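Trainee: Before I use these coordinates in my own work, could we go through the terms one by one and set each value against its definition?

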Amino acid sequence: MHGSLSTNAFYTGDLLVFTTALLITALLLVLTLRAAKLPGTPMVNIGFAVCALLWCAGGLGRAGCSALGIPRQAHAALVAQAIQYSAAAAFPIAVLALWRPFATTPWQKKASRVLHWIACILAAALTVVFWSPVLHDGTRMMFHVTQVATASNAAFLLLAGVIISLPRATTPRAVFIPSMAIVIAVWGAAITLPMSDIFRPSAHFAAMLLFVGLHLVMLVVLCAFFLFARFRFADIFVRYGVRILLAGMWASILAVFAQSAFLTHIAEHMPAHSAVHVFLINLLAGVLLLSFTFVDDRLGRIINRWLFRPPDYRAATRQLGNQLTRLQEEPAIAAAVESAVTPALHLRGARLLHIAGIPSPTWTAALQEGELVELDLSDPLRASLPLEGVEVLIPSYSAGRVTHVLAVAPGPTRPGLVSDDLNFLRAVAAQFGNRIDTLQRERETIERQSREALLLQQVAEAELRALRAQINPHFLFNSLNTIADLIVRDTVRAEAMTLRLASVFRHVLAHSTRSMTTLREEVEFLRTYLYIEEGRFGDRLRVSIDVAPDAAGQPVPSLILQPLVENAMKHGLGPKPGPGNIWISAAMEHDHLCVKIEDDGMGPPASPAAEPDQCHGLRNVAGRLRTLYGGAAAVELAARPGGGACVTVRIPKVSAV
């Protein structure tokens, strides 16, 4: 009974192993066909994938026949074995073809070609012999002989292929190590598979030999796909292949354990042997499930790092991002991107091209839609690109549309670009587009701020011209009234007043286009203005002007003080009977120029509504100061302690004009 259980365990293991292998080889064939039109994917890869798939399909059929109790001499079992061993006979052809590019010397190249032709002839002969019993009801012994011949044929051919095509000194480590593993596994299978048929099929040792031999062949398949480093989807195949293989191994362990004589022996010695049997199986299943993710993750990373040796994509992306933030011109940004990806992925070259530079008839729909485009050798777009050997075009978005294309040429000396490499290139292309968008936004912001500053300057100048223009009519009206009155009473003074008025307006016209003047010039203008006002007030007006030397050269808005002096005479001294005084003083107070205009007249109004004309002049001056200085300047009206009013103007200190 125990022997029967052990044999069944081996049959179960066969079914699980070949099912797992069939899934892996089917995935390999699908991905190989997808990459068939891409550079760096030789047709021999497809041949190898087909051989592996047929081996697994035939092995699964043979294991299924054994599990169903179908005799080995039955037609269905013979067909399954013919398929399986025909694929094994053709397998050396694909492996030798993968090794041929590593033969460098003339004799190696010639010997590898001869060996390849020998493998083709022997594979054809063995295939004919394998299918003869199926088609002509041959004997079982002939089939057994061809099995031994197939295993020996593969072992000697691959050993010769390693000696001829793979000298250790020139063969890359990533090729030499899996190749040696293939040779060792084939020799192991060549020894164990024939020996399994020497013993009776039902014997425990024979089943064990057959199980080991088949697993060695699967090791050949797994080591062989390491040679597919030039295969575009190799990393996807490794990732999912390892996952499928690990799941199959875990299932095989569970199946063998569930049918093992050891477990049955323990369960039979327990009172509730069925419950104990189920409990132990569930316990092992739980342990395997918990360990699956841990083992799968680490095993996948180890194989990926050993086989593909990828760069640190995150560090490269971060370093490129930091570099791009310091660049301000599109050509410099494009050059930085090209310089970053070429050494990181060991490319022949990379070029960022503007979409307008690619002829429109050669665009593909995928490129226009922003999808990654892989170019096969016959694509006419390759000839129109300025970079030789371009395999991949990665679009770069800017302003919501594809504006540039990253053209990538891996070159013949490096493995093909795999999925992680393409994801890195997509990220780099996105960084380029984002930086271009950021620069465009910065330029638009600067242009907008420049336009706004120019507009504000124009508005300010318009406001200043409007405010200054309000001074001239009032002053002209008052001066003309005074001159008209003097013409009747004192023609000499009227003539002098007219000359002074002309001097005042010459000053006004000279400063009509200037927004700023010095305090010295402004005070001189006030003196001339006050000479005119003496015609109205006569001996009633007394003026005192005191300007500190360090304040005389300070810039002030032109015609800023005249409205305040006019207010003092009109609203302060005008209604007051008898003589009146005006004191004008200027001095520096810390970081401000302080100008005071005081009078001993009627004093400030009780409210702005009481004297709207007087407040209008103050608002005029305050508006000009606010336009020029914002909140840094101020004008204040207050009562003078000895009677009258005091207007204080504070202007920020600047360099003297």
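Trainee: What are the mean pLDDT of the protein and the share of its residues that reach 70 or more?

Mentor: The model is predicted, and its mean pLDDT (the predictor's confidence in each residue, from 0 to 100) is 76, with 74% of the residues at 70 or more. Over residues 1-5 the pLDDT is below 50, and beyond near neighbours in sequence this stretch has four contacts in the model, a contact meaning heavy atoms within 4.5 Å. Where pLDDT is low, the predicted coordinates should not be read in detail. Because this is a predicted model, local features need pLDDT of at least 70 and side-chain atom pairs count only at pLDDT 80 or more, while totals for chains, interfaces and linings use all residues. Residues are numbered from 1 along each chain as its sequence is written, and side-chain values use heavy atoms, with hydrogens and water left out.

Trainee: Why are H2 and H3 called roughly antiparallel?

Mentor: Helix H2 (residues 43-67) and helix H3 (residues 75-99) pack at an angle of about 155°, with their axes 7 Å apart. Helices here are DSSP runs of H or I with at least four residues, strands are runs of E with at least two, and both are numbered from the N terminus. Axes are lines fitted to C-alpha atoms, for helices over the stretch in contact, and angles run from 0 to 180 degrees between N-to-C directions. Angles under 35 degrees count as roughly parallel, over 145 as roughly antiparallel, 65 to 115 as roughly perpendicular and the rest as oblique, and H2 and H3 are therefore roughly antiparallel to each other.

Trainee: Which handedness does the crossing of H11 and H12 have, and what makes up their contact?

Mentor: The axes of helix H11 (residues 313-324) and H12 come within 10 Å and cross at roughly 160°, and the two helices are therefore roughly antiparallel to each other. Their crossing is right-handed, whereas H2 passes H3 in a left-handed crossing; the word is left-handed if the near helix is turned anticlockwise from the far one by less than a right angle, and right-handed if clockwise. H11 contributes Leu-320, Gln-323 and Leu-324, and H12 contributes Ile-333, Ala-336, Val-337 and Ala-340.

Trainee: What makes E1 and E2 edge strands?

Mentor: Four strands form an open antiparallel sheet in the order E1-E4-E3-E2, where two strands pair if DSSP finds at least two bridges between them. Strand E1 (349-354) and strand E2 (373-374) each have a single partner strand, so one side of each is left without a neighbour in the sheet. Helix H12 (residues 330-344) packs on this sheet, touching E1 and E4, and its direction makes about 150° with that of E1.

Trainee: How do you know that E3 and E4 pair?

Mentor: Seven bridges join strand E3 (residues 392-398) to strand E4 (residues 401-409), against a requirement of at least two; Leu-393 stands opposite Ala-407 in E4.

Trainee: How many bridges join E10 to E11, and where does this pair sit in its sheet?

Mentor: Six bridges join strand E10 (residues 634-639) to strand E11 (residues 645-652), which run antiparallel, and Leu-637 stands opposite Val-647 in E11. Their open sheet has the order E6-E8-E9-E11-E10 with mixed pairing.
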